[in-house]
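Visitor: I have not looked at this structure before. Please take me through it.

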Amino acid sequence: MNFTPRLFRFGAVCALLTALTTLVVHVMPNLRSDARSFEQQVDLRLNSLYLINRWVVLFHCALVVVSMFALGLPAVRREPVAVIFGFLAFACFGFTEILRTAISIFAINRNGRAVYASAVDPATREHFRAFIESYNGINDALFFIFYTAFTVGLICYGIAFLRTNSSMSQLGILFTVWALLNLPGWIDAVTGSELLGRYFEWVGPVFQPIARAYVGVWLWRNAGWAAASVAQSWQRFNSLRA
C-alpha cells in the first residue's frame, strides 16, 4: 500500500475547508435565531440560509472524517490502539451527525413541515405537528452520541499525539485542550441542562476554526514526513508477516 505526500496534502485541504465550514455551521444559525414559535420553525423549510446550513453540515462531517484519517496515520505505529479507536470515534461522530442532519432535511422539512403547512384538515395538521415535535427527543439522543463520539476522538488523538514525536506532541496539546473545552457542553448534554455550556459557546465559532486551520497547515507542512513515517510502518508490518 502506497501512502504518498499527496494523500496528506489532500487531508490538509479537507482540514482547512472544515475551518470554513465550521464558521458556516456555527454562525449561520444566528441569522434565524428569531424563529422561536412552531409556525416560524415550519417556515424554515423555505429559508434558503437554513437549507444551505443543513447541506454544509453534511459536507463538513465528511471533511472532518477524511482529515482525521490522514492526521492519525503517522501515529498508528507508535499508538495503534489510541489512533484506531480515536478514528472510529470520529467516524461515529460523522455518521451520527450526517444521519441527524439528513433526518432534518428529508423527514422533517420535506415531509413533516411541508405536509403540515399544506394540510387543511385540523386532524392532519395535529398529527404532523406531533410528528415534528417528537423529533426533538430523537435529535437530542443523536446529538448526545455525536458529541460523545467527537469528544472521545479528541481524547484518543490527544493521548496518541502526546506520545509521538515533538512535532505531533504540539497537536497532542491542541487536541487535549479541545477535549477539555468540549466537556462542559457534553455535561450539559448528559444532564439536559444549560449550566456550563453557555460559558463556552465561543469554542464553536472561534476556537474550532483556528484549531482546524492549524491542523490543515500542520498536515500540509509535514506531508512528506507523514508519508515516510507511514511507509516505514507498512514496511515493518510486511516484514513481520514474511
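Visitor: What is the mean pLDDT of the chain?
Guide: This is a predicted model, in which local features need pLDDT of at least 70, side-chain atom pairs count only at pLDDT 80 or more, and totals for chains, interfaces and linings use all residues. Residues are numbered from 1 along each chain as its sequence is written, and side-chain values use heavy atoms, with hydrogens and water left out. pLDDT is the predictor's confidence in each residue, from 0 to 100. In the chain, 93% of residues reach 70 or more, and the mean is 91.

Visitor: How are H6 and H7 oriented to each other?
Guide: Axes are lines fitted to C-alpha atoms over the stretch in contact, and angles run from 0 to 180 degrees between N-to-C directions. H6 (residues 166-191) and H7 (residues 203-221) pack at about 160°, with axes 11 Å apart. Angles under 35 degrees count as roughly parallel, over 145 as roughly antiparallel, 65 to 115 as roughly perpendicular and the rest as oblique. H6 and H7 are therefore roughly antiparallel.

Visitor: What percentage of the residues of the chain count as buried?
Guide: Buried means under 20% relative accessible area, exposed over 50%, partly exposed in between (1.4 Å probe, protein chains only). Of the 242 residues of the chain, the buried share is 44%.

Definitions and conventions: Helices (H or I, at least four residues) and strands (E, at least two) are DSSP runs, numbered from the N terminus.
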